[in-house]
Amino acid sequence: MVTTHLIPPDIADRFEVHEWRNATGILETAHPDEWRDVIAALRAFEFRRSEVLGGGGAKSSIAGRFDGFLTERGWVERKFATRIKVDEDERDSPTHKVDCFKGRVGLEIEWNNKDPFFDRDLNNFRLLFDLRVIDVGIIVTRASHLQTLFKGLGIGTKYGASTTHMDKLLPRLEGGGGGGCPILAFGITRDCYVEDDAPIVAGGAGDDDNG
């Protein structure tokens, strides 16, 4: 059974959606406030020609704007200190930070990172779920068909096959990379694209946070 039928039709029309372990149902029933925040962020989301054509940077303006929308609603960047103890033997089991965290929901946006960042995100969600810190994880990334758009803009090489897009995430997700953690994945499609005439935005085509 899947619960993606609970996703509002306007969101399903603009994003490619994939679910693991009934994540949508968990969000709607157990975390309705956080789910409303995510839906609002997705409804407001767009990426613009001027941003896509922009230069590099530590975090793209596209990903940063999505993060900022959630930050205004109480989501925070969170890093957890975890340890494993067996008898008297204790060792650190570090996790990477979660870029957007609120009420036992973690969210990562991977606009244009190297694709091993998906392994990091899924492993992070798996560990935090096993430790009962999060109930569900969300990943927002590019739909793979956007490569056609980027090639048309003459910047296809900035968004290569080994970067973060849905075709790189799905095999990892379906292969159990997130363990038992329920995960909902949204792919940003061309329906979110705006052909603006604004000046090119520096940082628009760069990688996301590489921390």
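A crossing of two helices is left-handed if the near helix is turned anticlockwise from the far one by less than a right angle, and right-handed if clockwise. Helices (H or I, at least four residues) and strands (E, at least two) are DSSP runs, numbered from the N terminus.

The model is predicted: local features need pLDDT of at least 70, side-chain atom pairs count only at pLDDT 80 or more, and totals for chains, interfaces and linings use all residues. Residues are numbered from 1 along each chain as its sequence is written, and side-chain values use heavy atoms, with hydrogens and water left out.

**Exercise 1. The whole protein**

Task: State how many helices and strands the protein has, and what share of its residues is buried.

Solution: 
- Step 1. Take the elements. The protein has 8 helices and 10 strands.
- Step 2. Buried means under 20% relative accessible area, exposed over 50%, and partly exposed in between (1.4 Å probe, protein chains only).
- Step 3. Apply it. Of the 211 residues in the protein, 49% are buried.
- Step 4. Look at contacts (heavy atoms within 4.5 Å). Among those between residues at least 6 apart in sequence, 76% join residues at least 24 apart.

**Exercise 2. The crossing of α3 and α5**

Task: Describe how α3 and α5 cross, and name the residues that make the contact.

Solution: 
- Step 1. Two packed helices are described by the angle between their axes and the distance between the axes.
- Step 2. Locate the pair. Helix α3 covers residues 32–44 and helix α5 covers residues 61–71.
- Step 3. Read off distance and angle. The axes come within 10 Å and cross at roughly 140°. Axes are lines fitted to C-alpha atoms, for helices over the stretch in contact, and angles run from 0 to 180 degrees between N-to-C directions.
- Step 4. Classify the angle. Under 35 degrees counts as roughly parallel, over 145 as roughly antiparallel, 65 to 115 as roughly perpendicular and the rest as oblique. So α3 and α5 are oblique to each other.
- Step 5. The α3 and α5 crossing is right-handed.
- Step 6. Name the contact. From α3 come Asp37, Val38, Ala40, Ala41, Leu42 and Ala44, and from α5 come Phe66, Phe69 and Leu70.

**Exercise 3. Helix α6 and its surroundings**

Task: Find the span of α6, its buried residues and what they pack against.

Solution: 
- Step 1. Check the span. Helix α6 (residues 116–130) has 15 residues and reaches 21 Å from first C-alpha to last, close to the 21 Å expected. The expected span is 1.5 Å times one less than the number of residues.
- Step 2. List the buried residues. They are Phe117, Phe118, Arg120, Asp121, Leu122, Asn124, Phe125, Leu127 and Leu128.
- Step 3. Find their partners. These buried residues pack against β6 (98–102), β7 (105–110), β8 (136–142), α8 (166–174) and β9 (183–188).
- Step 4. Zoom in on Asp121. Its relative accessible area is 2%, so Asp121 is buried. Leaving out residues up to four places away in sequence, Asp121 touches Glu108, Glu110 and Ile139.
- Step 5. Examine α8. The axes of α6 and α8 come within 10 Å and cross at roughly 35°. This crossing of α6 and α8 is right-handed. Pro116, Phe118, Asp119 and Leu122 in α6 meet Lys168, Leu169, Arg172 and Leu173 in α8.

**Exercise 4. Contacts of Phe150**

Task: Say where Phe150 lies, and which residues Phe150 touches.

Solution: 
- Step 1. Phe150 is in helix α7 (residues 146–152).
- Step 2. Phe150 has 0% relative accessibility, so Phe150 counts as buried.
- Step 3. Not counting residues up to four places away in sequence, Phe150 touches Phe47, Val52, Trp111, Arg142, Ile155, Gly156 and Tyr159.
- Step 4. Take Val52. Phe150 and Val52 are 98 residues apart along the chain, with their C-alpha atoms separated by 8.2 Å.
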